[in-house]
Amino acid sequence: MRKIGCLVVLLIGALAGWMLRDRFFTGTRPAEVTAATSWERLTPEGAARMRAALTSLQKPSGPVFVSVKPADLASYVYEQLAKQLPPSADSVEAAAFGDRMYIRASVKPSDFGGGDVLGPLSGFLSDRERMQFGGAFHIIRPALAEFRVQEIRFREFPVPSGAIPRLLKRIGHGARPAGVSEDGLPLVVPPYIGDVRTEPGKITLYKSTP
């Protein structure tokens with residue numbers, strides 16, 4: 001799964017966030033993200049396991065919730081995101097820490113338009129760089145969810161939260177569905193999914209109640 005479309009990567013966007021971090025960024029990075037040992041690669045097999053979990057949840061006699069690995073969910077979601085975003089990125093991995101899911105990848109900053117988009121940041125970047133972003137899932141209405149991007153980091157430097165919506169808009173394709181947040185990435189989900197919760201090491205999907 002060499003392509004992870006720059007959604008994953010777009011976010012890399014602003015090292016300017018590093019230069020302005022004291023002004024714009026007040027959050028702290030969870031220590032477990034910094035020293036993560038449970039990152040997993042995205043794979044077609046992971047996407048298949050995610051589809052199997054959804055099938056079991058759909059059955060009337062099936063469970064009311066299922067828990068899956070972050071990489072399995074990310075592999076499944078990626079199949080949609082890759083259609084929305086510019087191509088680029090490899091060595092894609094996913095993990096869950098606290099109440100957020102994280103994705104990281106090796107990316108080509110040039111896919112973001114170079115200095116025209118990244119501004120002064122582009123002068124600090126190599127041909128390929130490590131980028132990481134994290135966020136949480138939110139069900140907007142039956143069949144529509146979003147992944148709200150709450151944090152973006154380039155190397156060890158945070159990107160200002162205010163820059164996230166601009167970066168997403170820059171690489172977006174087509175009209176955004178009604179109800180999707182400015183910092184959200186729209187996702188089509190089965191209509192029977194009522195909630196998605198992230199915990200360390202796993203993500204749990206709950207069946208909607210009548």
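Below are my entries, from the whole chain down to single residues.

**Ground rules**

I'm working with a predicted model, where local features need pLDDT of at least 70 and side-chain atom pairs count only at pLDDT 80 or more, while totals for chains, interfaces and linings use all residues. Residues are numbered from 1 along each chain as its sequence is written, and side-chain values use heavy atoms, with hydrogens and water left out.

**Whole chain**

I looked up the secondary structure and got eight helices and 10 strands in the protein chain. Helices (H or I, at least four residues) and strands (E, at least two) are DSSP runs, numbered from the N terminus.

Next I checked burial: of the 210 residues in the protein chain, 47% are buried. Buried means under 20% relative accessible area, exposed means over 50%, and partly exposed is in between, using a 1.4 Å probe and protein chains only.

The accessible surface comes to about 10,300 Å², and carbon and sulfur atoms hold 53% of that. These areas come from the Shrake-Rupley method with a 1.4 Å probe, and for residues only the protein chains shown count as cover.

Then contacts (heavy atoms within 4.5 Å). Taking those with a separation of 6 or more, I find that 71% are between residues 24 or more positions apart.

**Aromatic rings**

How many aromatic pairs does a search of the whole structure find? It finds five. The rings of Phe, Tyr and Trp (its six-membered ring) pair if their centres lie within 6.5 Å; planes under 30 degrees apart count as stacked, over 60 as edge-to-face, and the rest as tilted.

I noted Phe 97 with Tyr 102: their ring centres are 6.0 Å apart and their planes stand at 55°, so this pair is tilted. Phe 97 is buried at 8% relative accessibility, and Tyr 102 is buried at 1%. Together with Trp 39, Phe 97 and Tyr 102 make up one aromatic cluster.

I also noted Phe 133 with Phe 147, whose centres are 5.9 Å apart with planes at 75°, so I logged this pair as edge-to-face. It links distant parts of the chain, with Phe 133 in strand S5 (residues 129-141) and Phe 147 in strand S6 (residues 144-154), 14 residues apart. Both Phe 133 and Phe 147 are buried.

Two strands pair if DSSP finds at least two bridges between them. S2 (residues 65-68) runs antiparallel to S10 (residues 202-207), with four bridges joining them. Ser 67 has Thr 204 as its bridge partner in S10.

S9 (residues 193-199) is also antiparallel to S10, through six bridges. Here I found Val 196 opposite Leu 205. I also saw Arg 197 over the face of Tyr 206, at 4.7 Å from the ring centre. For that, the NZ of Lys or CZ of Arg must be within 6 Å of the ring centre and within 35 degrees of the ring normal.

The hairpin of S9 and S10 has two residues between the strands, and Gly 201 takes a positive phi near 85° there. Gly 201 is partly exposed at 46%. Not counting residues up to four places away in sequence, Gly 201 touches Pro 70 and Ala 96.

Is Glu 129 buried or exposed? Glu 129 is buried, at 8% relative accessibility. This residue is found in strand S5, and its side chain reaches the backbone nitrogen of Ser 126 at 2.5 Å. Leaving aside neighbours within four places in sequence, I list Phe 124, Phe 154 and Arg 155 among the contacts of Glu 129.

Gly 134 is also in S5, and is buried at 0%. I found 6.5 Å between the C-alpha atoms of Gly 134 and Ile 152, which are 18 residues apart along the chain. Beyond neighbours within four places, the contacts of Gly 134 include Tyr 102 and Phe 147.

**A loop serine**

Last entry: Ser 181 is in the loop between helix H8 (164-171) and strand S8 (184-188). Ser 181 counts as buried, at 16% relative accessibility. Not counting residues up to four places away in sequence, Ser 181 touches Glu 146, Arg 148 and Arg 176.

Technical notes. Polar contact = N/O pair within 3.5 Å; in protein donor to acceptor, adjacent residues only side chain to side chain.
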